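Hi there,

Here is the structure I promised to pass on to you. Have a look at it first, and my notes on what turned up follow below.

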Amino acid sequence: MVWLSGLALAALAVFLGHGSAAPNGNCPRDWPYAPFKTEGRDIVNAKGDKVKFAGVNWPMSGESMIPEGLEKKSASDILDDVAGLGMNFLRMGYSAQMVDEIYQAGGEDISIEKAIIAAMGEQNGTSVVENMIKHNPKWTRETGRFEIWSDIVNLAAERHIYVHPDMHIAKAGWCCGHADGSAWFGDEDFSVANWTRALSYVADWAAQHDNIVSMALVNELRQPWVENYPKFGYNWMTLVGNMTLGSDAIHKANPDLLISWSGLQFDEDLSALTSGTNLLSAPCYMCVSNREAPRMDPVVFNLADHAWGDKVFYELHLYTMTEDLDMGSCGIIKAQLYRAGFNALGMDPPEDCALLENHWLGPCRPASRLTPVAMTEFGTAQDASLLSSAYIQCLREFTTENDVSWAVWALAGSYRVRSGKQEVDDTWALFDFNWDNWRFQEGIDKVWKPWVKATIG
Ligand SMILES: *[C@@H]1O[C@H](CO)[C@@H](O)[C@H](O)[C@H]1NC(C)=O
Ligand SMILES: *[C@@H]1O[C@H](CO)[C@@H](O)[C@H](O)[C@H]1NC(C)=O
Ligand SMILES: *[C@@H]1O[C@H](CO)[C@@H](O)[C@H](O)[C@H]1NC(C)=O
């Protein structure tokens, strides 16, 4: 069809229904080659090529529900810096409340001005709004939160960065604690109906962005610390039940998306799912017992039973302040990561699995099915201690040896609002307080850049 002019080709594309599928005039046959699916332990794009992620978490689940830092630096400059690290992945944690408020407002998106002033008060909020518009002149006071998010996703696309929306906390605020009301399905601020509604909304919105190839169900689930907590039935059965509802919601709204599943205990544990053990009786930290399990037929989770079976990848987190894991040597960390779910990558069991043989959380078991697993949160202070952190060194080794996708916490500097205070500095953030420079340049050069390179070349 060489005789067709460019214009005629464009018209033909519109006629065939592909005309509006790609933002920024990208042809769907160009990067990012969506949609993606899973194939054994790998994520593959529409061409069948393996894709890995290396990136960072950019929080937007604080009280204002707008990504942090935009009043200090433009979205395009922030994304240039991310691209400068060689990263290809942004995990953006939003709050379900962001969608609740749209429904409360009869379908209307919440403006910058309204969002910031609600979070910071009239006086401080007004100057933050002004600075945000000064740095991002495309926006006005009336620009809505989802419009901002769309602009950021488009800017990320220009830099070949994938955006992974993550339902970080049901009610906007700093995450995560056992007693924050968003710990578990049905917790005070965590309505399952609002959550699935938010997942549907975001999945539907994501359809206009080729570089959103995946989204998460929920961030770090944890036992809710409220009176009569057993009424919540925090365990493997209720995890799988609710995550299935969430996956159905996403898949119905947007069947192209990959869906990431997170685990119990702040997303440290997916062992019963990846190992195919009995969900009624498999051990888990602080879980509520299914007392009749000994007399019941075993229940085993099998991704292949679901329409979205080849759309799911697992995500796990690990921090040194874990409540239940041994962080005392790299050997034991690797063994626990294997047990927690990285076994689904089909790797050999690490040597120190021998030490877990009689552990109360269970031994290392081979995976019941190969499935991709990513490490989507970990982090530490961005200062000289980063260079000597045995934990960071260990995760770097583990992800590199086993070809694991990852995202560090966090692309931040200062927080607009955090735990009731305004303009909060964050020692773990990659940027300094003013988002001007990297907080710890030596860490960028010696840790983050080479780690990204080792992951995605
Ligand atoms: C407003 O900003 C000032 C200066 O940063 C701070 O001292 C004050 O606590 C802020 N107001 C509120 C309501 O947090
Ligand atoms: C669910 O969303 C509605 C608005 O549609 C809101 O009024 C309600 O408070 C939300 N529920 C929870 C638990 O946040
Ligand atoms: C979701 O979790 C709640 C709280 O644990 C539980 O009561 C409910 O049965 C779960 N839903 C499903 C479909 O498993």
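A word on naming elements before anything else: helices (H or I, at least four residues) and strands (E, at least two) are DSSP runs, numbered from the N terminus. Please bear in mind that this is a predicted model, in which local features need pLDDT of at least 70, side-chain atom pairs count only at pLDDT 80 or more, and totals for chains, interfaces and linings use all residues. Residues are numbered from 1 along each chain as its sequence is written, chains are lettered from A and ligands numbered from 1 in the order in which they are written, and side-chain values use heavy atoms, with hydrogens and water left out.

Let me begin with the aromatic residues. Rings of Phe, Tyr and Trp (its six-membered ring) pair if their centres lie within 6.5 Å; planes under 30 degrees apart count as stacked, over 60 as edge-to-face and the rest as tilted. By this rule there are 31 aromatic pairs. One of them joins Phe185 and Trp195, a tilted pair because the planes meet at 55°, with the ring centres 5.1 Å apart. Phe185 sits in the loop between strand 6 (162-169) and helix 7 (192-206), while Trp195 belongs to helix 7, so to speak across distant parts of the chain, 10 residues apart. Both Phe185 and Trp195 are buried, where buried means under 20% relative accessible area, exposed over 50% and partly exposed in between (1.4 Å probe, protein chains only).Trp448 and Trp451 make a stacked pair, 5.3 Å centre to centre and 10° between the planes. Trp448 and Trp451 are separated by about one helical turn because they stand three residues apart in helix 13 (residues 441-456). Relative accessibility is 0% for Trp448, which is buried, and 0% for Trp451, also buried. Elsewhere, ring pairs connect Trp31, Phe36, Phe53, Phe89, Tyr162 and Phe313 into a cluster.

Phe185 comes up again at ligand 3. Which residues are around ligand 3? They are Trp184, Phe185, Phe232, Gly233, Thr238, Gly241 and Asn242, a residue being near a molecule if one of its heavy atoms lies within 4 Å of it. Taken alone, ligand 3 exposes 360 Å², and the protein buries 61% of that; these areas come from the Shrake-Rupley method with a 1.4 Å probe, and for residues only the protein chains shown count as cover. By class, the shell holds three nonpolar, four polar and no charged residues. In that count Ala, Val, Leu, Ile, Met, Phe, Trp, Tyr, Cys and Pro are nonpolar, Asp, Glu, Lys and Arg are charged, and the others, Gly among them, are polar.

Now to the cysteines. How many disulfides does the structure hold? There are four, a disulfide being a pair of cysteine sulfur atoms within 2.5 Å. Counting bonded cysteines along the protein chain, the pattern is 1-2, 3-4, 5-8, 6-7. Three of these links are described here:

- Cys284 and Cys287 have their sulfur atoms 2.1 Å apart, and the link is left-handed, with -120° about the S-S bond. Cys284 is buried at 11% relative accessibility, whereas Cys287 is partly exposed at 23%.
- Cys330 and Cys394 are joined with an S to S distance of 2.1 Å. The disulfide is right-handed because the torsion about its S-S bond is about 85°. This pair links distant parts of the chain, from Cys330 in helix 11 (residues 330-340) to Cys394 in helix 12 (residues 390-401), 64 residues apart. Cys330 is partly exposed, at 24% relative accessible area, while Cys394 is buried at 1%.
- Cys353 and Cys364 are joined with an S to S distance of 2.0 Å, in a left-handed link with -80° about the S-S bond. Cys353 and Cys364 both lie in the loop between helix 11 and strand 10 (373-377), so the pair ties together parts that are 11 residues apart in sequence. Cys353 is buried at 9% relative accessibility, and Cys364 is buried at 17%.

What does the side chain of Asn343 make a polar contact with? One partner is the side chain of Thr274, at 2.8 Å, and another is the side chain of Ser275, at 3.1 Å. A polar contact here is a pair of N or O atoms within 3.5 Å; within protein, one must be able to donate a hydrogen and the other to accept it, and residues adjacent in sequence count only if both atoms are side-chain atoms.

Happy browsing, and do write back with any questions.

Best wishes
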